[in-house]
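Open the model in your viewer and keep the selection panel at hand. This tour goes stop by stop.

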Amino acid sequence: MKICRFNTDRVGVIDGESIIDVTDALDMSPKWPLPHGDWIVPQLASLTERGADSSRPKYLLSEVRLESPVANPGKIIGAPINYKAHIEEANADREINQGKTHYTSLDEFGLFLKAGSSLIGPSQTIYPRFRDRRTDHEVELAVVVGKSANRISRHEALQYVLGYTIALDVTVRGKEFPSFRKSADTYSVLGPWLVTADEVPDPNALDLSLSVNGQTKQKSNTRMMIFDVARLIEYASSFYTLHPGDVIMTGTPEGVSPISPGDRLVAEIDRIGRLEMRVGETLD
Ligand code: MN
């Protein structure tokens with residue numbers, strides 16, 4: 001099942017070229033204090049039967065504004081160096097390594113966190129926030145956590161996944177810590193929708209790619225990840241309790257390159273779909 005958010009916080013299930021609006025099947029009444037994470041996410045797992053109800057409002061996919069499929073992730077976790085060829089390109093390029101960092105392994109460099117306020121979806125626009133500095137695209141498989149997970153072993157880790165989506169981990173290159181360089185407004189993109197885990201039997205065998213203005217820049221397969229999805233969940237949950245709606249961006253393959261205002265980015269991942277994004281003029 002493909003689940004989306006659209007037209008200002010409506011929740012939809014994709015049905016071919018249409019969206020069935022299932023918002024009214026969800027309990028949207030907030031109860032303070034809200035639990036950690038995105039409190040609608042646990043309800044999405046039970047949408048299957050209700051989503052199929054054809055009496056609900058239906059919209060053409062081409063006529064809605066898609067938003068990030070997760071509204072309020074408690075954490076957006078990033079894996080900085082999870083593809084061998086990306087580590088090699090980062091070590092070879094002073095604009096990426098700043099002449100100060102020699103990248104080795106994920107368990108030596110650890111994870112980073114991106115601000116929730118950086119998150120946008122397909123109908124929005126990426127705005128570079130740092131004038132005259134190199135800002136790169138990074139296409140990544142994103143894992144959406146479905147239930148709380150603390151110190152989970154890799155053998156049971158996939159049971160905690162609600163689904164997968166496409167992520168862009170937009171990054172300005174520079175000396176600052178990753179949490180600063182990757183957390184500006186619009187620097188996290190998720191979309192076009194969330195695909196539930198039952199439709200992705202092996203998340204570690206998905207082609208992924210990204211093009212800029214029609215030219216392919218990144219092209220790889222998630223089997224090239226150094227920490228696969230289960231091991232990333234094991235590793236992340238050994239430090240952080242994962243809550244429903246938390247997102248793990250699983251790292252980018254080689255081919256990162258600068259983006260500029262006016263660029264059109266197309267990211268694709270097997271079994272998930274295609275995410276198109278526009279880069280807007282730099283904000284003053
Ligand atoms: Mn990244």
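A salt bridge here is a side-chain nitrogen of Lys or Arg within 4 Å of a carboxyl oxygen of Asp or Glu. Keep that cut-off in mind for the first stop. Keep in mind, too, that this is a predicted model.

**Stop 1: a charged pair.** Select Glu199 and Lys2. Their side chains meet in a salt bridge, with N to O at 3.7 Å. Between domain 1 and domain 2, the count is one salt bridge.

**Stop 2: the two domains.** Colour residues 2-67 as domain 1 and residues 76-279 as domain 2. How far apart do the C-alpha centres of the two domains lie? The distance is 24 Å.

**Stop 3: where the domains touch.** Now select the contact residues. Domain 1 brings 15 residues, and domain 2 brings 17. Together the domains bury about 1300 Å² between them. Carbon and sulfur atoms carry 69% of that area. Which three residues supply more of domain 1's buried area than any other three? Pick out Lys2, Ile3 and Leu66: they supply 43% of the area that domain 1 buries against domain 2.

**Stop 4: polar contacts and elements.** Look for polar contacts across the boundary. Three residue pairs are counted between domain 1 and domain 2, both residues at pLDDT 80 or more. Next, show the elements on domain 1's side. Strand S1 (2-6), helix H1 (41-44) and strand S5 (66-67) each give two or more residues to the side that touches domain 2. Colour that side by class. Nine residues are nonpolar, two are polar and four are charged.

Stop 5: Select Asp15 and Lys58. They form a salt bridge, and their closest N and O atoms are 3.1 Å apart. Asp15 sits in strand S2 (residues 10-15) and Lys58 in strand S4 (residues 58-60), so the pair ties together parts that are 43 residues apart in sequence. Over the whole structure, a search finds 24 salt bridges.

**Stop 6: the whole chain.** Clear the selection and zoom out. Switch to cartoon view. The protein chain has seven helices and 19 strands. Along its principal axes, the C-alpha trace spans about 60 × 45 × 35 Å. What radius of gyration would a compact globule with 284 residues have? It would be near 19 Å, and the protein chain has 18 Å, which agrees.

Note on methods:
Residues numbered from 1 in each chain as written. Predicted model: local features only at pLDDT ≥ 70, side-chain atom pairs only at ≥ 80, totals over all residues. Heavy atoms only, no water. Domains from an automatic or database assignment. Contact = heavy atoms within 4.5 Å. Buried area = accessible area lost by both parts, 1.4 Å probe. Polar contact = N/O pair within 3.5 Å; in protein donor to acceptor, adjacent residues only side chain to side chain. Helix = DSSP H or I, 4+ residues; strand = E, 2+ residues; numbered from the N terminus. Nonpolar A, V, L, I, M, F, W, Y, C, P; charged D, E, K, R; others polar. Rg over C-alpha atoms; globule rule 2.2 N^0.38 Å.
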